[in-house]
Amino acid sequence: NANEYKDFILPLIFYKYLSLKIQGTLTGNLSDAGVVYTYREACEAADCGTEPAKAILGRTVNNLGYYIRPDDLYCEIVKKSEEGNYSYINLESAFFRLTESLEQVTGSDYFSDLLKISRINDRVLQELIKVVDEFDLHPGEDDLGSEYMKLINLFASTSGRKDGEYYTPDCICELIAGIISTHFDEIESLSDPACGSGALLMKICRNVNVKEIYGNDVNSSAIKMVKLNTILNDLDYRKTEYLLKDTLLDTSENIYQVQVSNPPFSLRWKPVTNKKYPIPAPAVYADLAFVEHMVYHMGEMAVCILPVGVLYRKGQEKKIREWLMAQNLVDTVMLLAGNFFYNTATPVAVIVLKKNRVDKKILFIDGSDIFTKERGCAYLSEMQVNSLLKIYRERIESEISVLRERDEVIEGNLYI
């Protein structure tokens, strides 16, 4: 069961990545200066004050923000593990030295929670170290972040339920990123109030230049994964802010230019009435509470993935939909099939909200029959994603889409 060792494998992957990155960067910088040293030779020469090794190592460490001793490189850890001579205490010490160097160089503790593991049998740890050594990690390559998300996908598929709560399938991320990139080449601030592993945020950052990234989640494992995802996607972690907090209790006044989210479906919450939640969502369905949160913090645009029931359920949810339409915020409603997510077979809806809309029409797209099935799960092929995006971008009526005037939508029913 891959998920059983997730909390050990992910820190090891991260450590291996950082090890390869500093090793490759330092030897590359030395080569550019016409100096032929191995990583160990360069570090030893720098310790002795030998130039230019000392200056080049100093610049490398300052640029990367951390230092790893030669004996702590991942390749050295593998050798010791193969000899049966590496323990949990050894790894914990190596992790500590790395995080200490980061704090000394940058004053940041960004890595500290990423490099923590529970005590584990030394023999099992040695086997995990050797397993991670087989992972092909090349810092700076465009597909590294994608490979990481495939691993998260594996954890989600084998966990049955739990990890599916903070994993958004890649095809859905592609669809959302395509919607966002239709309107933006550059985003000042991008936020996900239920960021999970950061799949949506990372996918958008691959398509659009994003200056600042924000994310909240109540799950500490999710915060660790989104931080790791940020590093592996070669994004500047200093331009991010990921907080372990309950978004629905957030009292901040921050405004974000663009927001995206795949919040946990049908979450229970304690309804409150205030300026953020003028019409509180029902206690058993917090789905539209997340939407109200996004509206409250909306700069220009928000896109959320929700269970299809939010489109037609009565009571408070009907009132919230009417409130959204009264403000002319609802731009597009796209239905998708069920079985996209590992933890639910529920059909989903992608809802696009825009501020200061002039057009009072709402585009409805029924994509519930557009999917490919594999091993009991649905996914969208590249062609299927593009066909849905074509309808969205051209805002056209077709066999699966219709434009309706806001006033034609009866009793706030968005299930058309």
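Modeller: Residues are numbered from 1 along each chain as its sequence is written, and side-chain values use heavy atoms, without hydrogens and water. In this predicted model, local features need pLDDT of at least 70 and side-chain atom pairs count only at pLDDT 80 or more, while totals for chains, interfaces and linings use all residues.

Colleague: Why are α8 and α13 called roughly parallel?

Modeller: The axes of α8 (residues 170–181) and α13 (residues 382–394) cross at roughly 25° and come within 10 Å. Angles under 35 degrees count as roughly parallel, over 145 as roughly antiparallel, 65 to 115 as roughly perpendicular and the rest as oblique. The helices α8 and α13 are therefore roughly parallel to each other.

Colleague: Which residues of α8 and α13 meet?

Modeller: C171, E174, L175, G178, I179 and S181 in α8 meet V385, L388, L389, Y392 and R393 in α13, where contact means heavy atoms within 4.5 Å.

Colleague: What makes T332 buried or exposed?

Modeller: The relative accessible area of T332 is 1%. Buried means under 20%, exposed over 50% and partly exposed in between, with a 1.4 Å probe and protein chains only. T332 is therefore buried.

Colleague: What makes the pairing of the side chains of T332 and R395 a polar contact?

Modeller: The distance is 3.4 Å. A polar contact is a pair of N or O atoms within 3.5 Å; within protein, one must be able to donate a hydrogen and the other to accept it, and residues adjacent in sequence count only if both atoms are side-chain atoms. The side chains of T332 and D331 are also joined by a polar contact, of 2.7 Å.

Note on methods: Axes are lines fitted to C-alpha atoms, for helices over the stretch in contact, and angles run from 0 to 180 degrees between N-to-C directions. Helices (H or I, at least four residues) and strands (E, at least two) are DSSP runs, numbered from the N terminus.
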